[in-house]
Amino acid sequence: MKKLTHWKALANYDYLGAYSLKNGKDKIVTIKEIKQELVTGNGGRKDNCIVAYFTDADKPMILNKTNCKTIQKIYGTPLIEEWVGKKIVLFASTTSLAGETVECLRIRPYPPAADKPAPKCEECGADITGVGKMTAEATAVYTEKKYGAKLCAKCATQRAKEIREKEKTENE
């Protein structure tokens, strides 16, 4: 498939925006530094803004209050120095600004999956992995609801087989 380019990506913007995400896909970045800077916005207006720099992105991101509160919630601290080295997941969204719907860059309210330890199977102790379109966490929740325990795919399959066999013998 041919790579598609958002028109804003061709402009010389100094900061990351929703248009910076390739094909609108989430982007995981690692915080290198957070600082306050004087930023020149549309129409030459200057504002002191909170700016995040990343080890794995070529541009920084202006953090609004919503995004700062999200990082605080994810990592349990309002202290920007404690955010350094932490990973966040950026995604494109929209918001209302001056009565108009505009694109914006937001932070998912959870750390990247790679930063979370994999849930463990309560039957065999193995890491639970994603199945189909379900993440490892979703698989754990699903199996716990269905079988009463967080199970890996192998143990869930075995449990389902045992249930079918039990139902079969009860119906005979």
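Which residue takes a positive phi in the hairpin of β4 and β5? I looked there to start. The model is predicted.

**Entry: the hairpin**

I find Ala98 with a positive phi near 55 degrees, in a hairpin that has two residues between its strands. The residue is not glycine, yet phi is positive. I place Ala98 in the loop between β4 (87-97) and β5 (100-107). Is Ala98 buried or exposed? I read a relative accessible area of 83% for Ala98. The cut-off for exposed is over 50%, so Ala98 counts as exposed.

**Entry: the sheet**

I traced the strands next. Five of them make an open sheet, and the order is β3-β2-β1-β4-β5 with antiparallel pairing. At the edges I find β3 (61-63) and β5, each pairing on one side only.

I then went through three of the pairings.

- I see three bridges between β2 (residues 46-54) and β3, running antiparallel. Ala52 faces Met61 of β3 here.
- I see four bridges between β1 and β4, again in the antiparallel sense. Val29 has Ile88 in β4 as its bridge partner.
- I see eight bridges between β4 and β5, which are antiparallel. Ala92 is opposite Leu105 in β5.

**Entry: helix α1**

What does helix α1 touch on the sheet? I find that α1 (residues 65-75) packs on the sheet and touches β1 (27-40), β2, β3, β4 and β5. Its direction makes about 30 degrees with that of β5.

I picked Asn67 in this helix. Its relative accessible area is 1%. Buried means under 20%, so Asn67 is buried. I list its contacts, leaving aside neighbours within four places in sequence: Met61, Leu105, Arg106 and Ile107.

**Entry: the cores**

Which residues have the most contacts inside the largest nonpolar core? I find Phe54, Met61, Leu63, Ile88, Leu90 and Ile107, in a core of 18 residues. I checked where the core comes from: β1, β2, β3, α1, β4 and β5 each supply at least two residues. As general background, nonpolar side chains tend to be buried together in soluble globular proteins.

Not counting residues up to four places away in sequence, Met61 touches Tyr15, Leu16, Ile50, Val51, Ala52, Phe54, Asn67, Leu90, Leu105 and Ile107.

**Entry: helix α3**

I checked the length of α3 (residues 153-171). It has 19 residues, which at 1.5 Å a residue should span 27 Å. I get 27 Å between its end C-alpha atoms, so the two agree.

Which residues of α3 are buried? I find Cys155, Ala156 and Ala160. They cover an arc of only 140 degrees around the axis, so they sit on the same side of α3. On the other side I find Lys154, Thr157, Lys168 and Thr169, which are exposed. I looked for what covers the buried residues, and the cover includes α2 (136-147).

Note on methods: Residues numbered from 1 in each chain as written. Predicted model: local features only at pLDDT ≥ 70, side-chain atom pairs only at ≥ 80, totals over all residues. Heavy atoms only, no water. Buried < 20%, exposed > 50% of the residue type's maximum accessible area, 1.4 Å probe, protein only. Pairing = 2+ DSSP bridges. Contact = heavy atoms within 4.5 Å. Axes fitted to C-alpha atoms, helices over the stretch in contact; angles between N-to-C directions. Expected span 1.5 Å × (residues − 1). Arc of directions from axis to C-beta. Core = buried A, V, L, I, M, F, W, Y, C linked by side-chain atoms within 4.5 Å.
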